[in-house]
Amino acid sequence: MRKKLSPCFFIATLGFVGFVRAQDALEGIRPTPLTRPELKRLLEDVKVRVPRIPLPELTDGDRAKLGTQADSYESRVKYHYLNGIEPVRNTNSNAANSNAPGAPGSAGVANTANIGGASNRDRSAGFSRLQDPLFTLDNALKVELFWIVSRVNNCQYCIGHQESKLLGLGRSEDQIALLDSDWKQFDVASQTAFAFAKKFTLEPHLFSDADIAGLQVHFTDDQILEMVLSMAGNNSINRWKEAIAVPQNKDEGGFSRVGGGPANNPIEQSADAQRPRGSYLTPTSPAFEKTVSKIVVLSETSDVPNTCATVSRRPALESRDFVEKMLLECKTRKPRIPLMDELKTRENIPGTASMVGQLPNWVRLLARFPTAGSSRFDSILASEDKGDISPLLKAQLSWILARQDRAWYALARARDRLSSLDQSTEQIFALDGDWGSFSAREQALFRIAKNLGNAPVVLSATEVKEGIEAAGARDVVQVISFTTSRAAFNRITEAFGLPLDPAGGLKKVDPIPVTRDNVFGGPPPGTKPTDAQEDDLTPAAEAIVQELRASLPKDSEAIAMLEGILDGSRLSAEDGWFKLSKAQNRFGWNHVRKRFDTDQNDKVTATEFTGGKVDFSRLDRNDDGQLTESDFDWSKHSLTATPGFMMFLLADRDANGKLTREEFLNLFKELGADEDGYLAIDDLREKFLPPTPSESVKSAKRPDEPSRSTLLAGLKNQELGSLQPGPSLDEQSPDFTLTTLDGQSVTLSKEIGEKPIVLIFGNFTCGPFRSQAGNIEKLYERYQDRAKFFLVYVREAHPSDGWWMTSNQRAGIDLSQPKMDSERRLIARTCQKHLDIDIPFLVDGVDDAVGSLYSGMPNRLYLIDQTGRIAFKNGRGPFGFHPRQLEQSLVLLLNDKK
């Protein structure tokens, strides 16, 4: 049983730097008061509770920086342990006050109305926070909701603040007491909001469509979002205040916040006007003296009269199969209120300028409120990107917290992040277990996050102390801060039932800009290394050289590549195996001239061509109305940097090979059109010119430029390409069996027959392959009824643990090389969604059997005729990867009348 409150543990100063002992302060877990008099007593008691976080002594410099906040425990905690993590707050807002929740977890709500706890004492009752101009909810309702959230969470610090604010708004003591006992005294709209607040706080794992539908009877969608943002902030603040045990202001209570309400509010003003300021110990009406709360979590009573133990009643975690099922359902669910479109979202939230691709749904939700949404957006990114705790620990905490909340959208994002950090599925689901395989430090921090996430006050002082002993005060405070942010994020995204984002969500843009010097993010093809780029081979690389020289045929493409790397080549289209591997095509210009040029004038007109007009137009590359040798000249490699090529890649910022209207308009703005509303010729004259050789050679070494050792490892691992040449023209296509992403088995030999077959080999981390996605999809759309198409997903070309490229980071693609077939399938599915390709995907195993058999790495194109023989094979990718060259062969094969 818990010990009774005793004055012996009270302290008078806020600069306390020690710890609560387990037997002090109710073992660090405050009991839940059941009656109003006991609630008031505990609210007053918070003024003298023991802080949990040890603080270093202040230097003179510290005091100068902190100014009037030098003696504030909370300000010092943030100053010492969260410095640089908190987003910049609006100095005109009350969010910058010493009692604001600290980056933590308010997750950006500090500027969004009156929901952030205490205000500066010189402001009128705390109601001068900067409001979003689109907010319309009655402020008194939001304060009442904050009171209910805090009561359910048993955050006695925040309950006390809301009591004073409600008195200042003209509410009487009895009206406040009704919030704890009899909601029938309020209007139906308020009752509905109150019930939602309780469930939102206590049972986020039980959200359903009916919850939002019930609110929509009384509130607009914008008002519901405003309510949710407000209460998400409330939940964050509760967790911050209670986790670090912030003592209440000594003069807080009663009418300490009078002045914020209407000047002549008639609601029982005269009955309470004489009540004291600065104390919660005010008289309670006889009607409420013994009334037990109807909204708190009831449990066994403690030794303290009129209280019960504070507990959390989250259900046990479900099975892995159940989680997979829920994540699958989350992909197709519909948001419970409409989301902003892409352009409006970018307009309303300026911070999205640093992001590429389709914006995630949580950002599109926040965009309904430009001011509050932008603030929260900045805060969420700050919590994810800043601080000292590692990205892996943040991702693990995100998983643990989302699992407890059954926040499926947030859980999917955590899973994707963990996967990108090289965590296997088994390692991810181990976070649901007993944590025995993790270090003592990790276990202590996991425990803090889990308990704090479940309910603010089931995290004990002892657990905080153990965490500090295992990980240090700074890491503990930052874990608390991160947890408060996740508590808000989980509730917001799950309340509105957000569906999963394409490709698992969006990542921040790499700070290295896309320039015409290198749109793919690596060194310009064909440049020789500067002196700074010369490097000695590592012992592992030396071993690779010996192994490959001993095992590869002396005249093979792979040996040529090996020697090119050793000579310092940066692998241009004329280096290594690229020089040897050229397209093999049954249907080139000679075939066309022989077959269709009836007047033998080295031209084929539409009349001479026996196929249809559409097929003719696809052969006529320059659209001059006739087929000539130039239409079939593919001597320029696929990465030749023409102005159009440069413009496309600069505009295609999500790197999915498809330039949308929105992306084109964004490029229009980036080029300076926003200043004048138009572009002049000089604005564009030099923008899309390819770099000159002199510029390329003189350019500084990029951070992703590979060493010879890295290239040798990539060659051995077949990330640069298969060590095998693959089948040649007119050979029988090698058979294989692979499964689609839907689990259907496909055997190539069984597909051969009436229709030709197109095999496309590629992978997600290959930028040149992604750039061709639009061409590949158009090819499929044009001919899917006349040919069979399969995209064979192969080994990653540029994983984060191999030849890493900044272009992938800009596109939000940060993937290590899969170690298991299931991991490769997950990445393949992500690739299909990101590129928005409808072609059936066949996923090669991590043994790379099919990729090696067909020399399919990093990308390759094959056309197989109706007898199963190779009719077209492009040169090695990326330089030889020309989808339209394959299209020409496909058109001619379809028109071949042998």
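Analyst: Helices here are DSSP runs (H or I) of at least four residues, numbered from the N terminus. Keep in mind that this is a predicted model.

User: Thanks! Between which two helices is Q423 found?

Analyst: Look for the loop that holds Q423.

User: Is Q423 buried or exposed?

Analyst: A residue is buried when its relative accessible area is under 20%. Q423 has 15% relative accessibility, so this residue counts as buried.

User: Which residues does Q423 touch, leaving out those up to four places away in sequence?

Analyst: Contact means heavy atoms within 4.5 Å. With residues up to four places away in sequence set aside, Q423 touches L392, Q396, L418 and I428.

User: Let's move to the strands. Which strand is joined to β11 by three bridges?

Analyst: Start at β11, residues 860–864, and follow its antiparallel partner. The partner strand is β12.

User: Which residue in β12 stands opposite Q584?

Analyst: Strand β3 (residues 584–585) pairs with β12 (residues 870–873) in the antiparallel sense, over two bridges. Opposite Q584 stands K873.

User: Finally, what share of the residues in the protein chain is buried?

Analyst: The protein chain has 38 helices and 12 strands. Of its 898 residues, the buried share is 59%.

Conventions
Residues numbered from 1 in each chain as written. Predicted model: local features only at pLDDT ≥ 70, side-chain atom pairs only at ≥ 80, totals over all residues. Heavy atoms only, no water. Buried < 20%, exposed > 50% of the residue type's maximum accessible area, 1.4 Å probe, protein only. Pairing = 2+ DSSP bridges.
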